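Look over the sequence and structure first, then read the points below.

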Amino acid sequence: MIIVIRPHTPPAQIDEVIAEVQKLGYDARPIFGTEQTVIAAIGDERTHVNLESLTAMPQVQQVMPVQKRYKLVSRESHPEDTVVNVDGVPVGGGHFGMMAGPCSVESEEQLLKTAHAVKAAGATILRGGAFKPRTSPYEFQGLGSKGLQLLSLAKKETGLKIITELLSENHVDEVAEHADILQIGARNAQNFQLLIAAAKSGKPILLKRGLSERIDEWLLAAEYIMAHGNSQVFLCERGIRTFETYTRNTLDLTAVAAAKKESHLPVIVDPSQGCGRADLVAMLCRGAVAVGCDGLLIEVHPNPAEALSDGAQQLNFEGFAKLVKDLQPFLAAAQGMA
Ligand code: PEP
Ligand code: MN
């Protein structure tokens with residue numbers, strides 16, 4: 001931490017700050033300038049008391065952290081890309097993960113048809129919400145346990161790996177029994193108790209960015225998972241709330257670039273929640289691949305017009321197959337850049 005002292009502070013008051021810094025467990029090294037003095041407080045900022053409280057002293061102008069607050073997720077601590085092992089399917093570090101399927105699991109027929117179609121188009125991981133976080137309590141809440149069983153059935157029939165959302169700490173064991181990746185949704189992005197419980201399952205976790213979560217907060221949420229012993233983490237950008245209403249959310253590709261730079265964890269882009277419109281999804285996938293994402297999470301439904309959730313943003317089978325085909329040159333180009 002760097003503590004900036006206000007100009008023209010008498011030496012006795014500078015000494016007061018030095019004494020306080022030492023009391024809080026840091027080594028204090030003052031640097032006396034002609035106008036202003038700064039104090040370098042030496043110590044591990046992540047484990048020591050946060051010195052920001054020193055701004056309460058009238059002679060302190062500013063306290064500036066030097067270290068990043070996240071450690072395990074940072075590229076500094078782990079320069080190589082992390083490769084997540086999704087029940088034998090590697091994702092990250094040059095292995096692209098294509099995850100696709102319906103927003104919600106609605107029926108056996110809907111899920112199995114979709115599973116076969118996305119597999120034929122090139123997906124290796126099947127998505128489908130069994131427990132759905134809906135804005136209104138009157139909307140379809142998902143099939144729950146029955147949905148999980150259908151996901152297992154789809155895995156058995158197709159060999160696709162399964163990603164599904166974990167909504168509650170009470171469901172960890174049950175969801176982990178059927179899923180290869182536990183999805184933490186945008187609404188639970190900073191539900192730290194849920195993150196810890198999910199981490200302890202030992203399953204790979206896909207952590208969505210919150211609706212208005214800053215990049216550092218998103219990385220700190222991932223740090224919770226890693227700090228609780230689980231390094232198999234995906235960061236997932238799924239659009240944020242902005243002033244724009246033309247699209248459901250604003251897909252923030254800047255955050256993808258920043259996350260790739262700051263962290264070794266694979267970054268997945270969900271363009272479906274990201275824009276909320278099926279007609280924009282393929283274009284956003286191309287952008288996401290160009291920025292350097294490690295995978296995509298795309299909503300696909302046999303008949304989007306009849307979907308019980310997120311109909312407007314789901315692709316039909318034909319649309320998804322075309323998207324994957326058209327994406328190939330972009331994936332090849334991105335591979336060449338890595
Ligand atoms: C979803 O993937 O269907 C979903 C609900 O995602 P999010 O948490 O990003 O809104
Ligand atoms: Mn959805």
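**Metal and ligand sites**

Three protein residues supply donors to the manganese ion (ligand 2): Cys103 through SG, Glu299 through OE and Asp310 through OD. These donors lie 2.1 to 2.4 Å from the ion. The model is predicted. Ligand 1 has 13 residues around it.

**Manganese site**

- The donor residues follow the sequence spacing C-x195-E-x10-D.
- Glu299 and Asp310 are 11 residues apart and link distant parts of the chain.
- Glu299 belongs to strand 14, which spans residues 295-299.
- Asp310 sits in the loop between strand 14 and helix 10 (317-337).
- Both Glu299 and Asp310 are buried.
- Water is not among the atoms, so the site may look incomplete.

- Lys208 places a side-chain N or O atom 2.9 Å from an oxygen atom of ligand 1.
- For Gln183, the distance from a side-chain N or O atom to a ligand 1 oxygen is 3.0 Å.
- For Gln273, the corresponding distance to an oxygen atom of ligand 1 is 3.2 Å.
- Ligand 1 taken alone exposes 300 Å², and the protein buries 97% of that.

**Shell around ligand 1**

- Among the 13 residues, those that come nearest are Arg127, Ala186, Arg187, Lys208 and Arg238.

Methods: Residues numbered from 1 in each chain as written. Chains lettered and ligands numbered in written order. Predicted model: local features only at pLDDT ≥ 70, side-chain atom pairs only at ≥ 80, totals over all residues. Heavy atoms only, no water. Donors = N, O, S within 2.8 Å, 3.2 Å for Na, K, Ca; no water. Helix = DSSP H or I, 4+ residues; strand = E, 2+ residues; numbered from the N terminus. Buried < 20%, exposed > 50% of the residue type's maximum accessible area, 1.4 Å probe, protein only. Near = heavy atom within 4 Å. Polar contact = N/O pair within 3.5 Å; in protein donor to acceptor, adjacent residues only side chain to side chain. Areas by Shrake-Rupley, 256 points an atom, 1.4 Å probe, with all protein chains shown as cover.
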